[in-house]
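Please keep the structure open while going through the points.

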Amino acid sequence: DYFPLAVENYWELAHLPVRTIRFTETLDNVQYYGLVADEDTAYYRKANDGKVYERTTTTSELLKFDLLADVGDSWVYKPDYLDHAMYGTLQSKNDTITIGDQTIFNCYRFYFDVPEWADEEQVVWLAPNIGFIEEAYPGGTADRKILTKAKINGVEIEF
């Protein structure tokens with residue numbers, strides 16, 4: 001499971017607010033998990049076809065991650081606050097992430113980009129049975145945001 005959704009799951013990445021699934025909520029007759037970071041809440045659901053959708057209470061859902069996509073597949077991800085389309089692309093299904101003395105294999109790498117803009121790119125890695133494990137913003141600040149601690153389905157992980 002590359003995007004485990006359960007209340008109380010959390011991901012603590014260095015230099016980013018802790019992301020915690022705090023509740024479930026039904027919006028437009030669909031159940032979502034409320035993921036809170038600081039005071040911001042995004043709602044996520046995972047469909048049976050491996051697609052992970054994101055929305056807010058005021059926006060319609062967007063395809064954020066396609067976990068069953070082929071490497072190289074792209075899709076439009078355009079939040080309402082953007083005036084240009086952002087594209088998500090699955091770039092790899094077999095990246096290796098090393099954190100301290102731990103090595104995690106078969107991580108998925110997703111790349112998000114607005115072709116008309118400079119310095120807004122984002123790369124997100126998802127690890128099997130963990131979810132968020134690393135993020136980077138290569139166009140702007142290239143420092144890595146690496147997972148330091150998480151709680152997934154009741155099990156705490158520390159790196």
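Is Asp 66 buried or exposed? Asp 66 is buried, with a relative accessible area of 10%; buried means under 20% relative accessible area, exposed over 50% and partly exposed in between, with a 1.4 Å probe and protein chains only.

The model is predicted, so local features need pLDDT of at least 70 and side-chain atom pairs count only at pLDDT 80 or more, while totals for chains, interfaces and linings use all residues. Residues are numbered from 1 along each chain as its sequence is written, and side-chain values use heavy atoms, with hydrogens and water left out.

1. Salt bridges overall. The whole structure contains nine salt bridges. The term stands for a side-chain nitrogen of Lys or Arg within 4 Å of a carboxyl oxygen of Asp or Glu.

2. Asp 66 and Lys 51. These side chains meet in a salt bridge, at 3.6 Å from N to O. Asp 66 is in strand E6 and Lys 51 in strand E5, so the pair links distant parts of the chain, 15 residues apart; strands (E, at least two residues) and helices (H or I, at least four) are DSSP runs numbered from the N terminus. Lys 51 counts as partly exposed, at 22% relative accessibility. Through salt bridges that share partners, Asp 49, Lys 51 and Asp 66 are joined into one network.

3. Asp 1 and Lys 46. The closest N and O atoms of this salt bridge are 2.6 Å apart. Because Asp 1 lies in the segment before E1 and Lys 46 in strand E4 (residues 40-46), the pair ties together parts that are 45 residues apart in sequence. Both partners are partly exposed: Asp 1 has a relative accessible area of 43%, and Lys 46 has 33%.

4. Glu 61 and Arg 45. Here the closest N and O atoms of the salt bridge are 2.7 Å apart. Glu 61 sits in the loop between strand E5 (51-55) and strand E6 (62-66), while Arg 45 belongs to strand E4; the pair links distant parts of the chain, 16 residues apart. Glu 61 counts as partly exposed, at 27% relative accessibility.

5. Ala 14. This residue lies in the loop between strand E1 (10-13) and strand E2 (19-27). At 24% relative accessibility, Ala 14 counts as partly exposed. Leaving aside neighbours within four places in sequence, Ala 14 is in contact with Lys 145, Ile 146 and Thr 148, where contact means heavy atoms within 4.5 Å. The C-alpha atoms of Ala 14 and Asp 143 are separated by 9.9 Å, and the two residues are 129 residues apart along the chain.
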